[in-house]
Amino acid sequence: MADASSGRRISHPYGWLLLGLLLLFFFRVAAQLIWGAGRAPPGRRAPAAAPATPTRRLPLPPFETWQGGALPYPLLVSLQLIILVACGRVVWSFLSGTVVPSGKKGRLLLVLGWVYFVVMGIRLLIGLTVAPNHFWFGAIVPTLFHLVLASFLLVSGSFHTASGSCSVAPVSEGAAWSFCFDMGPIPQSCWPA
C-alpha cells in the first residue's frame with residue numbers, strides 16, 4: 001500500500017507544469033487588463049495630453065492584439081477570470097497532493113484537449129498563411145493562449161490517464177516531464193468495452 005507522500009510526489013511534477021501554464025494564461029489576462037485600463041471608452045477619444053498610463057511604460061503589444069474580437073470584452077474578461085479560478089483549483093490539488101486520479105476523467109480531458117489543440121493549431125496555421133486579416137483566424141496572440149489552455153487539459157489528462165483506474169503501469173516521478181516528449185497511445189484497457 002502506497003503512503004500519502006507517494007501520491008504527492010507523483011502529482012507534483014504535473015502540478016508544476018500546470019502552474020507554469022496557468023501563469024502564462026494569467027500573464028495574458030493581466031496584459032489585456034492593463035491595456036484595457038488605459039483605453040478610452042468606445043465612441044470617446046482619449047485626451048491628447050493624457051497622463052502616462054501603464055501601457056505607455058510597458059512594452060506590450062496593442063490592445064487589439066490581445067483581444068480576438070469574437071466575444072465582447074467584459075464577457076471575455078469574466079470568462080477568463082472563471083478559467084483562472086478553476087485552473088488555480090486544479091493546480092492547488094496537484095501541488096497539495098489531493099488530486100484523485102481517474103482514468104475516465106483522464107480520457108475525457110485528453111480527448112477534449114487534443115480536439116481543442118488541433119482546432120487552435122489549424123486556426124493558427126490559417127491565420128499565419130491564408131487569412132492573416134480575418135478577425136478570428138488572424139488573432140495570433142489569443143490563439144497561442146488557447147494552445148496554452150489546451151496544453152493544460154492535456155497535462156491534466158495525462159496524469160489522470162497514467163494514474164487512473166485503468167490498467168496501465170504506475171506513474172513514476174518523471175512521467176510528467178516525459179509527457180512533453182512522448183504522449184503515446186492510450187492503452188486499450190482504458191477504453192470502454
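**Entry 1: histidine 160**

I began with the contacts of histidine 160 (contact means heavy atoms within 4.5 Å): leaving aside neighbours within four places in sequence, histidine 160 touches Phe94, Val99, Val100, Pro101, Ser102, Gly103, Lys105, Gly106 and Leu109. I found histidine 160 in helix α6, residues 140-163; helices (H or I, at least four residues) and strands (E, at least two) are DSSP runs, numbered from the N terminus. Is histidine 160 buried or exposed? Its relative accessibility is 3%, so I noted it as buried (under 20% relative accessible area; exposed is over 50%, partly exposed in between, with a 1.4 Å probe and protein chains only).

**Entry 2: what I am looking at**

This is a predicted model, in which local features need pLDDT of at least 70 and side-chain atom pairs count only at pLDDT 80 or more, while totals for chains, interfaces and linings use all residues. Residues are numbered from 1 along each chain as its sequence is written, and side-chain values use heavy atoms, with hydrogens and water left out.

I looked up the confidence next (pLDDT is the predictor's confidence in each residue, from 0 to 100). The protein averages a pLDDT of 77, and 65% of the residues score at least 70. Confidence is highest in helix α5 (residues 103-128), with a mean of 96, and lowest in helix α7 (residues 175-179), with a mean of 45. I marked two stretches where pLDDT stays under 50: residues 40-52, with five contacts beyond four places in sequence, and residues 166-193, with 35 such contacts. A reminder to myself: where pLDDT is low, the predicted coordinates should not be read in detail.

**Entry 3: the overall layout**

I counted seven helices and zero strands. Of the 193 residues, 37% are buried. Among contacts with a separation of 6 or more, 79% join residues 24 or more positions apart.

How many of the 24 residues of α6 are buried? I found 18, so α6 is largely enclosed by the rest of the structure. I also checked its span: at 1.5 Å a residue, α6 should span 34 Å, and its end C-alpha atoms are 35 Å apart, which agrees (the expected span is 1.5 Å times one less than the number of residues).

Threonine 143 is also in α6. With 0% relative accessibility, threonine 143 counts as buried. Beyond its neighbours within four places in sequence, threonine 143 contacts Met120, Arg123 and Leu124.

I turned to α4 (residues 73-95), whose 23 residues should span 33 Å; its end C-alpha atoms are 32 Å apart, which agrees. Its buried residues include Leu76, Val77, Leu84 and Cys87. After α4 comes glycine 97, with a positive phi near 80 degrees.

Which residues of α4 meet α6? Ile83, Cys87, Val90, Val91 and Phe94 meet Leu149, Phe152, Ser156, Phe159 and His160 of α6. The two helices pack at about 30 degrees with their axes 12 Å apart (axes are lines fitted to C-alpha atoms over the stretch in contact, and angles run from 0 to 180 degrees between N-to-C directions). I therefore noted α4 and α6 as roughly parallel (under 35 degrees; over 145 is roughly antiparallel, 65 to 115 roughly perpendicular and the rest oblique).
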